[in-house]
Amino acid sequence: MMKRWLSILFVILFVGINLASSQEIVISPSIKISSKLPDYEILGKNSNGIYIHYSNGTLNELELLNQQLRSVSKREILLKDKSSQLESIFLRNRGAVVFYSSLAEGYQYLKARYINDYLETSAEAIILDSIPKNKSNIFAPYYIKQSSNMKYFAFFKIEEDKQGMAVKYQILNNDLELVGGGTFENLQKDIVLKSFKINNQGVVYATMAHQVRSGGDPNNYIYDELYTFLYDPHLQIGKQQVIEKTKRLRFKNIITEIDNLTNTAYTVASYRSVDTDTDIGVLAISSNVSSSESMHLKYAFDELSMSNMHSFKAKDWKEQALIIKPKSVIPQSDSGCLIIMEGQYQYTKVVRGTPYNGYYPYYNMADNYYTRTYNQNHYFDISSLSISGKGEVNWEVVMPKVQVTEDDGGIYSSFSLFESNNLLKFLFNEDIYANGNFVEYNLNPKGITMRKSLLNTKKENLTLIPQKGVQLSATEILIPSEQKRNLQFILFKY
């Protein structure tokens, strides 16, 4: 649901805005998660209502909720083909469409069926593509993407051999009619595809990276070149970029975005220099098929910028800089972008000692001592960096946050990102184990922040999972709560 972010260069009357906005909170009834369908995802909202997808890898069900989060209907997704595998489900303005693969007569077919208002799949399937399979019954992966306005789809498959990688893609409109297609190709070894996206005008953007084969970095900066590919099916023009030909930088945490209005595409990555251990930061680049101009910024962290981080104790600023991870890129109206970052790391801890009162949880006997091993997940400050279209820093801001959990994979940590009325809102659990405070940071286009509490999850008997939250509209975000396999949904209306 992300729109273009207003840059400070275009904001005149914003100074007097009240950052705190009122909201309504709707909480759904609690349901028990079925052992047969343990996984779920929020698909979004259209004119029919809010869609939830439940699955176990082979069995799939759709549920439709109304605005009060009451169940309207629930039905198994029937593909009606033997030897079939679901690939993706996407919403349309009404109903939905399911993409799936099926095996028949020596071919794997990519097909689609529409889902009507009653969650019934259409009788007829639309064949979109095929792959010869010979005698193999193993499904080759297809990948499907949808634009945020639901008007375009792109599907692609990856072909790899000793000569390199080819990403063959096709672009479809809302009626699944072919709009364009092509191949993004890189004739090198050790190439991986890091991202593929389509915007509201059907423009596709891909980023590949070259992986270092030897001398692995302990902090996982394992890529030494980046390649971007951009194609506009209406202009029938493409553009490619190569970043870091000298191979003196290493990269990780590669993320991308495309502006829905200007078709400018952005790639952001964490970098670290090969030559000096003090050159650590983020790299941001842009590309547009209609313009020769592009944004390029190598933004280095330093001891002063790391001193603004409030919640991580490190032996030096470099250790602190290594854990900062780009999470989102938001296009700005000055052709630049806003980079959202978060401090994040995990480590395994081993505790040795004697049992307390003859008992020590999670223990193994070794050398007359008891040992307990567990993973500790750390999620720290949210930071934002505004970059102009000329590659200059407009502003940067840090929003303090501390989240530390054990053996949960960090599922209740991090945040949901929501854009509303030219504000960015970051929603998160302040302390997963203690006070139950669910918090919101507001960030305006001038880099001004404000913090407020939304609700107390302990009082409401909720355990929210921000990372699974989905923005439904310009004024709504839906976040699930899961506690002892009891599932609820919380709708925040602004």
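1. In this predicted model, the largest nonpolar core holds 23 residues, of which Phe301, Met306, Ile339, Met341, Leu385 and Ile387 touch the most other members. A nonpolar core here is a set of buried Ala, Val, Leu, Ile, Met, Phe, Trp, Tyr and Cys residues joined through side-chain atoms within 4.5 Å, and buried means under 20% relative accessible area, exposed over 50% and partly exposed in between, with a 1.4 Å probe and protein chains only. Among the elements that each supply at least two residues of this core are β20 (265-273), α2 (317-321), β24 (337-353) and β26 (369-387); helices (H or I, at least four residues) and strands (E, at least two) are DSSP runs, numbered from the N terminus.

2. Apart from this core lies another, of 18 residues, including Tyr169, Phe196, Ile198 and Val204.

3. Leu304 lies in helix α1 (residues 303-307), and it counts as exposed because its relative accessibility is 63%. Its C-alpha atom is separated by 44 Å from that of Ile237, which is 67 residues apart from Leu304 along the chain.

4. Strands β17 (residues 223-232) and β18 (residues 237-243) run antiparallel and are joined by seven bridges, where pairing requires that DSSP finds at least two bridges between two strands. Tyr231 stands opposite Gly238 in β18, and the two strands form a hairpin with four residues between them, where Gln236 in the turn has a positive phi of about 55°.

5. Residues are numbered from 1 along each chain as its sequence is written, and side-chain values use heavy atoms, with hydrogens and water left out. Local features need pLDDT of at least 70 and side-chain atom pairs count only at pLDDT 80 or more, whereas totals for chains, interfaces and linings use all residues.
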